[in-house]
Amino acid sequence: MTNTDTSKKWVPYLLLAPGALWLALFFLTPMFNLGATSLYDPSGSLETGYVMNGHVGNYADALGEYWPQFLRSFTFAAIATVLALIIAYPLAYAIALKSGQWKNILLVLVIAPFFTSFLLRTLAWTALLGDNSSFVHFLQDIHILPEGGRILATPFAVVMCLTYNFLPFMTLPLFTSLEKVDPRLIEAAGDLYSKPFNGFHRVVLPLSMPGVVAGTLLTFIPASGDYINAQLLGGIKNTTMIGNVIDRAFLERGAYPTAAALSFLLMAAIVILVATYVKRAGTDELV
Amino acid sequence: MNWIRKNIIMIVGLLVLFYMFIPVFVVIALSFNEPKSRLTYTFDKFTFDNWLHPCSGAEAMCPAVMVSLKIGLISTIGATILGTLMAYALMRYRFRGKGVANLLLFLPMASPEVVLGSSLLTLFVSASFPLGFWTILIAHIMFCLSFVVVTVKARLAGMDPRLEQAAMDLYANEWQTFRRITLPLLAPGIASAALLSFSLSFDDFIVTNFNSGSTVTFPMFVWGSAQRGIPVNVIGSAVFLIALAIVVLGQIIGARKRKALAA
């Protein structure tokens, strides 16, 4: 039912107004404000106030000093996204197409771990991967890790935990699109003498592409801005992500112009990456 | 061998599911732990104390949980109402500017939390608005809103529009149709949107950390204790909250099943 009654043209605007106003005030205005802050004279401070002088140099400074962290964030996020896709796909497939009457229970089980606080689960991983944990001792005993080798405070730990934490964001969109696949199509592929792998590759995978695109975006975007995993599981030097830099610049150093420039760059980079990706994947159905 | 081959996907799927539960098992196990020192994660002695006296030990924790519950509830109500209205307008009306509205709703979901949090911080600072309970609430309603709209829209898309047309044909006006037909059919979608909002708000750390001032929410309390080593009681009561959530979820599912049986 699409209402086309011309005498009530204002109704949809009235319904939209409160929410749209909220987003305009507390999402769009802050973005402009962030942009303005990134152009302040960096010699000011919170106490003395900032002078607006269109100091574009903030961007050059920010990029020049922190490009390694930028690069690392996107690399970590990309690896975590690919790993999450590989891990989540069989799970989503099993629930959507193989679980029969157990479907609802399995779905609840997928969501259930995420009712435990995000931070507590991450802290549990620091316990499991810590230097005195039995898992690390086991790896040392079978010589996968050298004597005194660590997992905690390595890039491996950070990427592993990023993968873990964003797994449901990958699983649920995959499940939604796999659930729509008619199992008879897979049977038909088999009847026409396609090998099981070909049947998957030619039939199921293309049909699940909207889920793959949505899932990778929902994983990649938060993962690239995350700093909790890097802070709790990372070391001092080679695991710092751009989120850590922005957080510290705002809340510890109070270097607002640089921090705002970094934040704006992160946003811009993600918008560009996402736009290109969505265009290449050919799914505009996300909005 | 043949059995394994036939069920390989299910087996892998269940292994992945088990992996998702590993840290939860750790959290549950530690909630029964009485550690010798506060700084270790080793399991020393079995105890029920953490469950019986969740507020003792870490004094600041229970107030922090209360703050989080309060913010979670109010922002859920706010975001659910605003979001449902928006979803209804977007799905049931044709009007100019729909594309802009959709974009406005998509952008917050596509922004990393550090950007959302830090941009709000610059706004509040330049407007000299004091940081605290209200700024957290404003931020939470903002980032929950898009998720509510997406969830409710999905439910509206699955509803048969002919039911609403039938009501109109029977001389119900727009408001009556919405109140008597659309809203009841929409209820499960609204309920899951509200549940999603609450869990997003209750668990949020990054955006909150930028805008909290001196207010301490539960995730911020956990973060603070993590910097000093974990008091075990945090874990005990956190698990309690999960249990609560699972019960609520079970109730909802049970109610739906009964409804389905009755229908």
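**Reading two helical chains**

Guide: Let's start at one spot: Ala153(A) sits in the loop that links helix 5 (134–141) and helix 6 of chain A. Keep in mind that this is a predicted model.

Visitor: Let me zoom out. How many helices and strands are there in chain A?

Guide: Chain A has 13 helices and 0 strands. Walk along its sequence and the pattern is α-α-α-α-α-α-α-α-α-α-α-α-α. Its C-alpha atoms fill a box of roughly 80 × 75 × 35 Å along the principal axes. Of the 287 residues in chain A, 42% are buried.

Visitor: What about the contacts in chain A between residues at least 6 apart in sequence?

Guide: Of those, 70% join residues at least 24 apart.

Visitor: How do I describe two helices that pack together?

Guide: You use two things: the angle between their axes and the distance between those axes. Take helix 2 (residues 57–98) and helix 6 (residues 155–165) of chain A, whose axes come within 8 Å and cross at roughly 50 degrees. Angles from 65 to 115 degrees would count as roughly perpendicular, and those under 35 as roughly parallel. Helix 2 and helix 6 of chain A are therefore oblique to each other.

Visitor: Which residues make the contact between helix 2 and helix 6 of chain A?

Guide: Helix 2 of chain A brings Phe76(A), Ile79(A), Ala80(A), Leu83(A) and Ala84(A), while helix 6 of chain A brings Val158(A), Val159(A), Leu162(A) and Thr163(A). Sorted by class, the residues of this contact are 8 nonpolar, 1 polar and no charged. As for handedness, helix 2 of chain A passes helix 6 of chain A in a right-handed crossing.

Visitor: Can we do another pair? At what angle do helix 12 and helix 13 of chain A pack?

Guide: Helix 12 (residues 242–251) and helix 13 (residues 256–281) of chain A pack at about 150 degrees, and their axes are 8 Å apart. That angle makes helix 12 of chain A roughly antiparallel to helix 13 of chain A. The crossing of helix 12 of chain A past helix 13 of chain A is left-handed. Among the residues in this contact are Ile242(A) and Val245(A) from helix 12 of chain A, and Leu262(A) and Leu266(A) from helix 13 of chain A. The residues of this contact are 9 nonpolar, 2 polar and no charged.

Visitor: How is chain B built?

Guide: Chain B has 12 helices and 0 strands. Buried residues are 40% of its 263 residues. Chain B is divided into domain 1 (2–49) and domain 2 (62–230). The centres of those domains of chain B, taken over C-alpha atoms, are 32 Å apart.

Visitor: Last one: how many residues of chain B are in contact with chain A?

Guide: There are 65 residues of chain B in contact with 68 residues of chain A. Helix 2 (residues 8–30) of chain B gives the largest share of chain B's side, 12 residues. By class, that side of chain B has 50 nonpolar, 10 polar and 5 charged residues.

Note on methods:
Residues are numbered from 1 along each chain as its sequence is written. Chains are lettered from A and ligands numbered from 1 in the order in which they are written. This is a predicted model: local features need pLDDT of at least 70, side-chain atom pairs count only at pLDDT 80 or more; totals for chains, interfaces and linings use all residues. Two residues are in contact if their C-beta atoms, placed from the backbone, lie within 7 Å. Helices (H or I, at least four residues) and strands (E, at least two) are DSSP runs, numbered from the N terminus. Ala, Val, Leu, Ile, Met, Phe, Trp, Tyr, Cys and Pro count as nonpolar, Asp, Glu, Lys and Arg as charged, and the others, Gly among them, as polar. Domain bounds come from an automatic or database domain assignment. A residue is buried if 20 or more other C-beta atoms lie within 10 Å of its own, exposed if 12 or fewer, and partly exposed in between; C-beta atoms are placed from the backbone. Axes are lines fitted to C-alpha atoms, for helices over the stretch in contact, and angles run from 0 to 180 degrees between N-to-C directions. Angles under 35 degrees count as roughly parallel, over 145 as roughly antiparallel, 65 to 115 as roughly perpendicular and the rest as oblique. A crossing is left-handed if the near helix is turned anticlockwise from the far one by less than a right angle, and right-handed if clockwise.
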